[in-house]
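Here is a short report on one protein model. Keep the structure in view while you read.

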Amino acid sequence: MKKDVFLIGSGQTRFGEWWEKSVRDLLYEAVDSALESSPCTALDIDMVIVANMIAERTNGQAHLGALASSLLPHNPPALRVESACASGAVALHTACGLLESGRAKNILVVGVEKMTDVPTAEVSSALMGAADSEKDAPSGLTFPGIFGLIAQSYMHEHNLTRERLNTVSATHHRNAMENPFAQFRREIPAEKISQSAPVADPLCMLDCSPVSDGAAACILSTEKESDVKIAASQLATDAVSLTERENITSFSATKQAMEKALEEADVDRSNISHLEVHDCFSIAAVINMEDLGFAEPGKGIELYEQKEPVPSINASGGLKACGHPVAATGIKQIIDVSKQLRNSGNRWGLTQNFGGACASCGIHILEHTHV
């Protein structure tokens, strides 16, 4: 980073089904919590960046930058960012760029999604906007189907059994029991994962992240300091459709963003203690471990079979158990890793947030400076 960018405030709603709350309500709750935890006041915010993917489809609400800005007394300049499920990471990256340029000193970054107000079929259709409307959608694919194809290919290529894949969701549900903001806070035995309703062979319901409502907010600053700073913020992209990929069992955008982030932070991956990664489906978590360089190809599942994996993986419960209000996820990950670093006293943590089938990927490395 060209300047030190500090995380000086954060807040979120619990993720879940909030039928009685509007998009505005969720925004207000997360923003108010972030300001309350921060050394700055609302009037210190120079700019607001809102991450959102599908509010037009699910809530009939666009123009979310101005809507979020109106929650503050002085209506600072605001904009909205969309990059499918990576919207949160891209909003953070945008904020870092503006802070590094000097155009702002304190930026409020908030991600929000309210997905439960419409039927599941409508949500699935809206989410398919993250795929290729000409090459993927006409075949009837939805994202469970896309990741079902990825899972079939991976399991054939690396001899991964259905029984071993169960470990991923079981681990994330166990982790979420300690997270008061998680949508599902109960343990699920591994054998129950593959006994849940089939969705897209070989994936079952409990392999899939849920439909969720929620918001998460961070305040980033070059003016005020804290004990956690953003040491790296990197993006990478790939072809949107799987039909244009040479390999569908590894995501090149993750690899590219990871290498750039490690270089920017000037840290080796072996020093990273905490990971929050994009487990929209259980197979994605396995692939992520390999693409981030923490496991060899075909060996990602072995990290989940360790009693205490190093680094820790999705201690929050991840998307699977914590919930996945899509545009809020990348920001929520930053909040979780900052908490984990402060609790453990370790120095380095990392978030990985991707959109579509990893057609866009954001990697952020956090540094706990008071070690």
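At what angle do helix H4 and helix H13 pack, and how far apart are their axes? Helix H4 covers residues 87-101, and helix H13 covers residues 329-344. They pack at an angle of about 70 degrees. Their axes are 5 Å apart. An angle from 65 to 115 degrees counts as roughly perpendicular. H4 and H13 are therefore roughly perpendicular to each other. On the H4 side, the contact is made by Gly88, Ala89 and Leu92. On the H13 side, Gly330, Ile331 and Ile334 make the contact. Four of the contact residues are nonpolar, two are polar and none is charged.

Bear in mind that this is a predicted model.

## The sheet

Now turn to the strands. Strands of a sheet pair through backbone hydrogen bonds, either parallel or antiparallel. Here, ten strands form an open sheet with mixed pairing. What is the order of the strands? It reads E3-E2-E4-E7-E1-E8-E12-E11-E9-E10. The edge strands are E3 (78-81) and E10 (312-313). Each of these two pairs on one side only.

Helix H9 packs on this sheet. H9 touches E8, E9, E11 and E12. The direction of H9 makes about 145 degrees with that of E8.

Follow part of the order, pair by pair. Strand E7 (residues 213-221) pairs with E1 over six bridges, in the antiparallel sense. Gly9 has Ile219 of E7 as its bridge partner. E1 (residues 5-12) is also joined to E8, this time by two bridges. E1 and E8 run antiparallel. Phe6 has its bridge partner in E8, namely Lys229.

E8 pairs with strand E12 (residues 360-368) as well. This pairing is antiparallel and has nine bridges. Look for Ala232: it stands opposite Ile365 of E12.

Is strand E8 largely enclosed or open? E8 covers residues 228-237, and eight of its ten residues are buried. The strand is therefore largely enclosed by the rest of the structure.

Strand E11 (residues 348-355) is mostly covered. How many of its eight residues are buried? The count is eight of eight. Trp348, Leu350, Gln352 and Phe354 point one way from the strand. Gly349, Thr351, Asn353 and Gly355 point the other way. Residues on both sides are all buried.

E11 has a parallel partner in strand E9 (residues 272-276), with four bridges. Leu275 has Leu350 of E11 as its bridge partner. Eight bridges join E11 to E12, and these two strands run antiparallel. Leu350 stands opposite Ile365 in E12. E11 and E12 form a hairpin, with four residues between them. Gly356 lies in the turn and has a positive phi of about 65 degrees.

## A buried histidine

His368 lies in strand E12. Is His368 buried or exposed? A residue counts as buried under 20% relative accessible area. His368 has 5% relative accessibility, so it is buried.

What does His368 touch, leaving out residues up to four places away in sequence? The list is Asp227, Val228, Leu341, Arg342, Gly345, Asn346 and Arg347. Two backbone oxygens deserve a look. The His368 side chain reaches the backbone oxygen of Leu341 at 3.4 Å. A polar atom of the His368 side chain lies 3.1 Å from the backbone oxygen of Asn346. Gly349 is 19 residues from His368 along the chain, and their C-alpha atoms are separated by 8.2 Å.

## A buried serine

Where is Ser241? Ser241 is in the loop between E8 and helix H9 (252-265). Its relative accessible area is 0%, so Ser241 is buried.

Which side chains make polar contacts with that of Ser241? One is that of Asp136, at 2.7 Å. Another is that of Thr243, also with a polar contact of 2.7 Å. Leave aside the neighbours within four places in sequence, and Ser241 is in contact with Asp132, Lys135 and Asp136.

Methods. Residues are numbered from 1 along each chain as its sequence is written. This is a predicted model: local features need pLDDT of at least 70, side-chain atom pairs count only at pLDDT 80 or more; totals for chains, interfaces and linings use all residues. Side-chain values use heavy atoms; hydrogens and water are left out. Buried means under 20% relative accessible area, exposed over 50%, partly exposed in between (1.4 Å probe, protein chains only). Two strands pair if DSSP finds at least two bridges between them. A polar contact is a pair of N or O atoms within 3.5 Å; within protein, one must be able to donate a hydrogen and the other to accept it, and residues adjacent in sequence count only if both atoms are side-chain atoms. Contact means heavy atoms within 4.5 Å. Axes are lines fitted to C-alpha atoms, for helices over the stretch in contact, and angles run from 0 to 180 degrees between N-to-C directions. Angles under 35 degrees count as roughly parallel, over 145 as roughly antiparallel, 65 to 115 as roughly perpendicular and the rest as oblique. Ala, Val, Leu, Ile, Met, Phe, Trp, Tyr, Cys and Pro count as nonpolar, Asp, Glu, Lys and Arg as charged, and the others, Gly among them, as polar.
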